[in-house]
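Keep the viewer open as you read.

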Amino acid sequence: MVRRLFFILVLAGQLCATSLAQEEGLVLIANPESGIKAMDRDTAINLFMGRFKKLPSGITALPLDLTGDRETFYRQLVNKRLPEINSYWARLVFSGRASPPRQIETPEEVLEIVANNRGAIGYVPRGATDDRVVVLADLFALTERDTAP
Amino acid sequence: MIIRLIKTRLAARSTAAILLLVAVLGMVFLALAMRLASVQETDRQYRQLEGLLDTVESTLQIACFLRDRELAGELVAGLMQNSTVAAVTITADDQVLSRAGESNRAAQSGDGQPEENRAELSRTIRSPFDETKIVGGIRLIPDRGVIRQEVMDSTYFVSVLLFVQMAIIGLGTAIIVVRLVTRPIARISRRLHRLKAETGEQLALPRGNEDDEIGQLVNDVNAMIDYLIQILGKERKLRLQREVEEKKFRTIFENAETAIFQVEENGRLTSFNPAFLRHFQVSEKDLHGKPQLTLYDLAGGQATLLREQVEACRRNRTNRELEFNVAEDPTRWLHLVLSYLDENLLQGVANDISERKLAEMDAERRATTDSLTGIGNRAGFDNRLARLVRQSQQRNRHFALMMMDLDFFKEVNDTYGHQAGDAVLVAVATTLRNAARKTDYVARLGGDEFVLLLDDVDSEEPATRLAEKLLEDIAQPIDIGNGVSASVGASIGIALSNREESVDDLISRADAAMYRSKQEGRNQFHTG
């Protein structure tokens, strides 16, 4: 019973994520005054996985997770499943050196926070963006060879 | 003490030898085992450490990725818990995140061994999110001291086992050698020591050793005893036999009437029997008085003769036979035979032949003596003449022959009878003997015919002088008994020998000279 329910949930989540990514891929967004116009995959990984505390422009970074799209985002960013990501952060609970991105429930809230914080970076479906933020990169387009301006 | 034991005890020696062998082999094996164990243990340790690194790798990746000193510190502390880890260093982007332990401990104990290149384990740490990105590294230095300790621990058991094995082998060898070899040998030795082999007593065979080498030894010893007893018996019999014979010979030697002696070249007597002393007239006193009795001393005047004979016998290696008289006593004669024994030793056998010799001499004297007058007869004259001729030829000496005929003897004989004639002949013979020298020979050849041989004269002068005296003496009246005297004379012919002349010619010359004296009126002499 529980197994079946779990199966259905996973299946549903995957269907949802696939449809979102295909129809409306996730994009990295930042505050227009953050001093950055684009971002490569490495920088993105270093920021979201807690290695870099600051944006390449020197502003303290504030990474944001979009709760519903985390699965897709991390698969695309580091090719890891969510439990792996959770386990990663769990190991760092006591060291205090790094902390996971803030968990945000909706794309609107993400947009709101990014719009109001110069150091904030986040990700939202492409269709959800507006002109309060700048799109740094389409996640599908992120390559390792990309370099920050 | 132990060395003495090893020298005197077979069991100790065998045990020591086997123990030495086992110890040496054990040491070699132990060294090999330790070497092998060391290699294996090192391998094991490295595998273990690799495993350890595998275990913490994901956390390590995170720590390096985040340059998280806290997390790195925890990892280092965790790794250091392991006793084989001497030092750990975690770096991220050329910056040390955390470090613990003394890295030189490994170097110290490394001793420059071939494993030195394995002294540390190092890995590069890749980003947990991107396999291509190197975010740091870890260096882990193992504690070789611990590895060595582990090796010691693992070989300790082997060492103990080896020691126990040595002890058991040593003890076992000692017991086996003592039981199987030493004790039986000692038992046999003890018995052999007390054995009265000369009585033929045999060595008892130890039980259990009948068919092995010890049994063989005992059997051989017994066989040897048998053999020796046999030999001993034979020897004893032979010795007894020899003793009897020796006694027999000794008795013969001691009691023989024949003198038996051994004499050296220089005349020294090495052995002689009592008969020898008797025959050579040696008294006990003489024997003790002289430090060394020699044959030549005993021979006195005959020493030269004996010396010649001894030398000849020694040189020719042939028996020499001679007769000689002892101590210049004309009545004691010995017949002596000398036989060659060896280069320096002769054997002599001497018999008393005095009686035979005297009889012989008597017979000879009788044969050459005129029975009426006691002077030589024709045979004696012939002998002496032959000798003189021989001598004169050898030594270039001369002798004189004097022939004499009595004048008017026939008349005396016819007038007064044969007895008166005999008395005249005896008186003339006495006159001749008295007038002649001792060395001259006087004989009557028959009837009234006399002859004189004068030895060693080189002229006629001694002969003529003698002739003059004889003519004078013979001319004296001769008492023929019953107060009657008769007078005769003599006609004498003298001849001096010379070497070219034959005996017959000499006699003819003397005869002719005598005839001439008769012709010219008798009672005179002539030389021819």
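**Where the chains meet**

Nine residues of chain B and 10 residues of chain A make up the contact, a pair being in contact if their C-beta atoms, placed from the backbone, lie within 7 Å. On chain B, the elements giving two or more residues to this side are helix H2 (10-66) and helix H3 (69-80); helices here are DSSP runs (H or I) of at least four residues and strands (E) of at least two, numbered from the N terminus. H2(B) gives the largest share, four residues.

This is a predicted model, in which local features need pLDDT of at least 70 and side-chain atom pairs count only at pLDDT 80 or more, while totals for chains, interfaces and linings use all residues. Residues are numbered from 1 along each chain as its sequence is written, and chains are lettered from A and ligands numbered from 1 in the order in which they are written. The mean pLDDT (the predictor's confidence in each residue, from 0 to 100) of chain B is 85. For the complex, the predictor gives an ipTM of 0.76 and a pTM of 0.45.

Now turn to helix H10 (residues 303-316) of chain B, which has 14 residues. Leu306(B), Val310(B), Cys313(B) and Arg314(B) are buried there, with 20 or more other C-beta atoms within 10 Å of their own, whereas exposed means 12 or fewer, partly exposed is in between, and C-beta atoms are placed from the backbone. Down the axis of H10(B), the buried residues fall within an arc of 95°, so they line one face of the helix; the arc is that of the directions from the helix axis to the C-beta atoms. The face turned away carries exposed residues, among them Thr304(B) and Glu308(B). Just after H10(B), Arg317(B) takes a positive phi of about 55°.

Notes:
Two residues are in contact if their C-beta atoms, placed from the backbone, lie within 7 Å. The expected span of a helix is 1.5 Å times one less than its number of residues.
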